[in-house]
Amino acid sequence: MFRTLVLQRIERKGQKMFPIAAIESPGRGDADFMMARFARQTISRGLRVCGVVQVNIDRPQSHACDMDIQVLPNGPVLSISQALGAGSRGCRLDPRALETSVAAVSRSLADGADLLVVNKFGKMEAQGRGFRPVIAEAISRGIPVLVGINGLNGPAYDAFTGGYGCRLPFSIDAISNWFDDARGLVGT
């Protein structure tokens, strides 16, 4: 099913592409701030943005990998990490909490959107779970999608998009230009 949705491309001027783009953070947490900033700017333009941005909250005694996300445009902040103890080394992602956020975003996407933002095309998405069905739904509906990626999951992102997904330079201007182009693609 995903392959069928992913293969639906928008064609303009003979170029086939998806209205999906990824940014990779040059430093820990940089992409989170940039994506949240872009989402706020887009909302302030009067456009409908749904998805999630990572908004980690400093907590005394918290682990460096604790993760909080905000459901856009003005939804709750959810913790998507689980406390595994001080000596743990494995993934701290709480799959149940992630699925709660996926369900919330899926409901808001059903009401229509101009942009879907997903803080990370991560391990769960690489395995075909997490936000992947929501991303596929947005693509099939022609809604531009902005995701964060890291080097580890970059190949899974490329496979998911069939190589047609954009990788943007790390700049708010690059994201804005891509979004304006992607909106033009879906409007034609």
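What share of the contacts in the protein chain between residues at least 6 apart in sequence join residues at least 24 apart? I looked it up: 65% do, with contact meaning heavy atoms within 4.5 Å.

**Ground rules.** I'm working with a predicted model, where local features need pLDDT of at least 70 and side-chain atom pairs count only at pLDDT 80 or more, while totals for chains, interfaces and linings use all residues. Residues are numbered from 1 along each chain as its sequence is written, and side-chain values use heavy atoms, leaving out hydrogens and water.

**Whole chain.** I found seven helices and nine strands; these are DSSP runs numbered from the N terminus (helices H or I, at least four residues; strands E, at least two). Of the 188 residues, 46% are buried, that is, under 20% relative accessible area with a 1.4 Å probe, protein chains only.

**The sheet.** Next I traced an open, mixed sheet of seven strands, ordered β6-β5-β4-β7-β8-β3-β9; strands pair if DSSP finds at least two bridges between them. β6 (77–79) and β9 (166–167) are at the edges with a single partner strand each, so one side of each has no neighbour in the sheet. I then checked β7 (residues 115–118) and β8 (residues 145–149): they run parallel, joined by three bridges. Val-117 sits opposite Leu-146 in β8.

**Ser-101.** Is Ser-101 buried or exposed? I see that Ser-101 is buried, its relative accessible area being 0%. Ser-101 belongs to helix α3. Not counting residues up to four places away in sequence, Ser-101 touches Val-52, Ile-69, Leu-78 and Phe-131.

Methods
Buried means under 20% relative accessible area, exposed over 50%, partly exposed in between (1.4 Å probe, protein chains only).
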